[in-house]
Amino acid sequence: MEELDYLEEPDMFHDVFGHVPLLSNKHYTDFFEGISHIALDYIDNPRAIELLGRIYWFTIEFGLIRESGELKVYGAGIMSSYGETKNSLSDNTEKFLFDVEHVFNSDFRTDILQERYFVIDSYEQLYTSIPEIKSKLKELLS
Ligand SMILES: [Fe+2]
């Protein structure tokens, strides 16, 4: 029980409880697949992979969603951590509307509770951001 909040990988609780449920959501999986294809296009470019890692981090791992006016967690890194869940929904952390350029410009640390989160309106918003992720990434790498 004392290891449940944060485990060294492989962390089956994180994977099964955090990641698996949303794989039944079409827009979410299309987004997941979309960023995977972009990553494959840049697989030999460490800077591009670092930037795409920020998109992944602030959505799939640490994303928040506002549904019917209520702030909720959907990122697997939050869902599988009691401490991160409390932290993410508290007034002590920064919340920004999901914005591709802002996410690309946001570094993160993996060893602390997060200090900022990005909030989506819907999973469709993630999916429809794929063309902008492609174009902004191209722009940042040029
Ligand atoms: Fe994860």
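Before we start: we are looking at a predicted model, so local features need pLDDT of at least 70 and side-chain atom pairs count only at pLDDT 80 or more, while totals for chains, interfaces and linings use all residues. Residues are numbered from 1 along each chain as its sequence is written, and side-chain values use heavy atoms, with hydrogens and water left out.

Okay, the sheet. We have an open sheet of four strands in the order β2-β1-β4-β3, and the pairing is mixed. A word on terms: helices (H or I, at least four residues) and strands (E, at least two) are DSSP runs numbered from the N terminus, and two strands pair if DSSP finds at least two bridges between them. The edges are β2 (70–73) and β3 (94–97); each has a single partner strand, so one side of each is left without a neighbour in the sheet. From one strand to the next, the twist averages 35°.

Now zoom in on β1, residues 64–67. β1 pairs with β2 in the antiparallel sense, over four bridges, and Ile 65 stands opposite Lys 72 in β2. The two strands form a hairpin with two residues between them, and Ser 68 in that turn has a positive phi of about 50°.

What lies across the strands? That would be helix α5, residues 82–89, which lies across β1, β2, β3 and β4 (116–120) and runs at about 155° to β2. For that angle, axes are lines fitted to C-alpha atoms, for helices over the stretch in contact, and angles run from 0 to 180 degrees between N-to-C directions. Have a look at Ser 88, which is found in α5. Ser 88 is buried, at 0% relative accessible area; buried means under 20%, exposed over 50%, and partly exposed in between, with a 1.4 Å probe and protein chains only. Leaving aside neighbours within four places in sequence, Ser 88 is in contact (heavy atoms within 4.5 Å) with Leu 64, Val 73, Ile 78, Thr 93, Lys 95 and Tyr 117.

At its start, a side-chain oxygen of Asn 45 reaches to within 3.1 Å of the backbone nitrogen of Arg 47.

Last topic, the rings. There are 10 aromatic pairs in the structure. Rings of Phe, Tyr and Trp (its six-membered ring) pair if their centres lie within 6.5 Å; planes under 30 degrees apart count as stacked, over 60 as edge-to-face and the rest as tilted. Phe 58 and Phe 108 are edge-to-face, 6.0 Å centre to centre with 90° between the planes. Phe 58 is in α3 and Phe 108 in the loop between α6 (100–104) and β4, so the pair ties together parts 50 residues apart in sequence. Buried or exposed? Phe 58 counts as buried at 1%, whereas Phe 108 is partly exposed at 23%.

Phe 58 and Phe 118 form an edge-to-face pair as well, 5.1 Å centre to centre and 80° between the planes. That one links α3 with strand β4, 60 residues apart, and Phe 118 is buried at 1%. Put together, ring pairs link Trp 57, Phe 58, Phe 62, Phe 96, Phe 108 and Phe 118 into a cluster.

Terms used. Polar contact = N/O pair within 3.5 Å; in protein donor to acceptor, adjacent residues only side chain to side chain.
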